[in-house]
Amino acid sequence: MNVWLLAGIIAVVVVIVVVKRLAGEPLDARDLFGPALVLTAIGTWTVVRNEAGLTGTDLAWTVSGAVLGLALGAARGATVRVFEKEGVLWQRYTGRTFLVLAVSLAVMAGFGWLAARGGMHEGARPVQLSIGVGFLGEALVVGARGLATGVPFATRAPRRS
């Protein structure tokens with residue numbers, strides 16, 4: 001797949017997710033975890049198929065970057081407003097969510113710079129993996145907070161054929 005096409009698709013998905021969550025949306029488990037899992041899978045696939053081959057240094061930086069991204073996503077998830085509306089859970093991004101996002105971007109940029117200086121190859125640090133694990137960390141925290149309320153998650157209406 002063309003790199004620019006893939007980057008464009010990922011950018012569109014990220015923008016859609018952020019805009020929906022900024023406006024507030026029903027908290028549906030599929031919408032919460034779907035983008036995170038898809039982006040993480042694409043990023044992992046990109047790392048695994050790296051034609052240059054992975055070194056121990058690459059793997060160490062990739063794993064530590066994924067752990068850092070997961071933690072920063074979890075911090076962002078702690079700022080998401082989870083509330084009941086119409087008998088189901090809803091979520092909404094807050095101003096603090098964007099503050100944590102800005103700090104996370106700066107931290108991850110610094111981490112990427114250190115990784116490159118530390119010998120990590122470009123192909124071993126796909127952006128999709130960084131975004132995916134960040135969304136996954138957020139989803140885990142928001143999902144756990146939602147479960148703790150005892151209010152049911154929203155469900156999608158069945159599709160008509």
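At what angle do helix 3 and helix 4 pack, and how far apart are their axes?

1. Helix 3 and helix 4 (residues 95-117) pack at an angle of about 170 degrees, and their axes lie 9 Å apart; axes here are lines fitted to C-alpha atoms, for helices over the stretch in contact, and angles run from 0 to 180 degrees between N-to-C directions. Helix 3 is therefore roughly antiparallel to helix 4, given that angles over 145 degrees count as roughly antiparallel, those under 35 as roughly parallel, those from 65 to 115 as roughly perpendicular and the rest as oblique. Helices (H or I, at least four residues) and strands (E, at least two) are DSSP runs, numbered from the N terminus.

2. On the basis of the model: it is predicted, local features need pLDDT of at least 70, side-chain atom pairs count only at pLDDT 80 or more, and totals for chains, interfaces and linings use all residues. Residues are numbered from 1 along each chain as its sequence is written, and side-chain values use heavy atoms, with hydrogens and water left out.

3. The mean pLDDT of the chain (the predictor's confidence in each residue, from 0 to 100) is 88, and 94% of its residues reach 70 or more. Among the elements, helix 1 (residues 3-23) has the lowest mean pLDDT, at 79, whereas strand 2 (residues 81-85) has the highest, at 95. Where pLDDT is low, the predicted coordinates should not be read in detail.

4. Helix 3 passes helix 5 in a right-handed crossing; a crossing is right-handed if the near helix is turned clockwise from the far one by less than a right angle, and left-handed if anticlockwise.

5. Helix 2 passes helix 5 in a left-handed crossing, and the contact includes Phe33, Ile42 and Val47 of helix 2 and Ile131, Phe135 and Leu136 of helix 5. By class, this contact has 15 nonpolar, 7 polar and no charged residues.

6. Turning to the strands, 3 of them form an open sheet in the order 1-3-2 with antiparallel pairing, where two strands pair if DSSP finds at least two bridges between them. Strand 2 is joined to strand 3 (residues 88-92) by 5 bridges, with Arg81 opposite Arg92 and Lys85 opposite Val88. These two strands form a hairpin with 2 residues between them, and Glu86 in the turn has a positive phi of about 60 degrees. Strand 1 is joined to strand 3 by 2 bridges, and Pro26 stands opposite Trp90.

Technical notes. Contact means heavy atoms within 4.5 Å. Ala, Val, Leu, Ile, Met, Phe, Trp, Tyr, Cys and Pro count as nonpolar, Asp, Glu, Lys and Arg as charged, and the others, Gly among them, as polar.
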